[in-house]
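I opened the notebook to go through one chain, entry by entry. The structure comes first, then my look-ups.

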Amino acid sequence: MAKCKLLMQTGQVQKIIDFFDGYSDDKVSCKYVKKVGIKAEFECETELSPEEAAGHCKGVFKGTPEGKAGDRGRGAPLR
């Protein structure tokens, strides 16, 4: 599996950190790295491209109660 870094930005960044730190499924495995303001950086192990991994994580979070409650976390690969 390749490693990439994902940058997630939201007004409720702690919810993203709590959810994705240690998160793993059949496509990604995420580990929290650091937080700066409303941005959280994660290291992600995946076979997906960074763009696909960001889209997958965004879709996963939108399926949670926090994600459905109007929290529009954005995931983007770091370059």
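Is Lys15 buried, partly exposed or exposed? I find Lys15 partly exposed, with a relative accessible area of 37%. My classes are buried under 20% relative accessible area, exposed over 50% and partly exposed in between, with a 1.4 Å probe and protein chains only.

**Ground rules.** I am working on a predicted model, where local features need pLDDT of at least 70, side-chain atom pairs count only at pLDDT 80 or more, and totals for chains, interfaces and linings use all residues. I number residues from 1 along each chain as its sequence is written, and side-chain values use heavy atoms, with hydrogens and water left out.

**Entry: overall layout.** I count three helices and four strands in the chain. Here helices (H or I, at least four residues) and strands (E, at least two) are DSSP runs, numbered from the N terminus. I read the order from the N terminus as β-α-β-β-α-α-β. Buried residues make up 33% of the 79 residues. I then looked at contacts, meaning heavy atoms within 4.5 Å. Of the contacts with a separation of 6 or more, 61% join residues 24 or more positions apart.

**Entry: Lys15 again.** I place Lys15 in helix α1. I also checked Lys15 against Glu66. The two are 51 residues apart in sequence, yet their C-alpha atoms are 7.5 Å apart in space.

**Entry: α1 against α2.** At what angle do α1 and α2 pack? I get about 100° between helix α1 (residues 13–20) and helix α2 (residues 50–62), with the axes 12 Å apart. The axes are lines fitted to C-alpha atoms, for helices over the stretch in contact, and angles run from 0 to 180 degrees between N-to-C directions. I therefore log α1 and α2 as roughly perpendicular to each other. In my scheme, under 35 degrees is roughly parallel, over 145 roughly antiparallel, 65 to 115 roughly perpendicular and the rest oblique.

Which residues make the contact? From α1 I list Lys15, Ile16, Phe19 and Phe20; from α2, Cys57, Val60 and Phe61. By class, I have six nonpolar residues, no polar ones and one charged. Ala, Val, Leu, Ile, Met, Phe, Trp, Tyr, Cys and Pro count as nonpolar, Asp, Glu, Lys and Arg as charged, and the others, Gly among them, as polar.

**Entry: Glu51, also in α2.** I find Glu51 in helix α2. Glu51 is partly exposed at 39%. Glu51 and Leu6 are 45 residues apart in sequence, with 9.0 Å from C-alpha to C-alpha.

**Entry: salt bridges.** How many salt bridges does the whole structure hold? My search finds two. I require a side-chain nitrogen of Lys or Arg within 4 Å of a carboxyl oxygen of Asp or Glu.

I start with Glu43 and Lys3, which meet at 3.7 Å, N to O. Glu43 sits in strand β3 (residues 39–46) and Lys3 in strand β1 (residues 2–9), 40 residues apart. I mark Glu43 as partly exposed at 25%. Lys3 is exposed at 55%.

I move on to Glu41 and Lys5, at 3.3 Å, N to O. Glu41 lies in β3 and Lys5 in β1, so this pair ties together parts 36 residues apart in sequence. Glu41 is buried at 11%. Lys5 is partly exposed at 37%.

**Entry: Ala2, in β1.** I place Ala2 in strand β1, partly exposed at 45%. Ala2 touches Cys44, Glu45, Thr46 and Glu47, not counting residues up to four places away in sequence. Ala2 and Glu47 are 45 residues apart in sequence and 6.0 Å apart, C-alpha to C-alpha.

**Entry: Phe42, in β3.** Is Phe42 buried or exposed? I log Phe42, in strand β3, as buried at 0% relative accessibility. Leaving aside neighbours within four places in sequence, its contacts include Cys4, Leu6, Met8, Ile16, Phe20, Tyr32 and Val33. I read 8.1 Å between the C-alpha atoms of Phe42 and Phe20, 22 residues apart in sequence.

**Entry: Thr64.** I find Thr64 in the loop between α2 and α3 (65–68). Thr64 is buried at 8%. A polar atom of the Thr64 side chain lies 2.6 Å from the backbone oxygen of Phe61.

How values were computed
A polar contact is a pair of N or O atoms within 3.5 Å; within protein, one must be able to donate a hydrogen and the other to accept it, and residues adjacent in sequence count only if both atoms are side-chain atoms.
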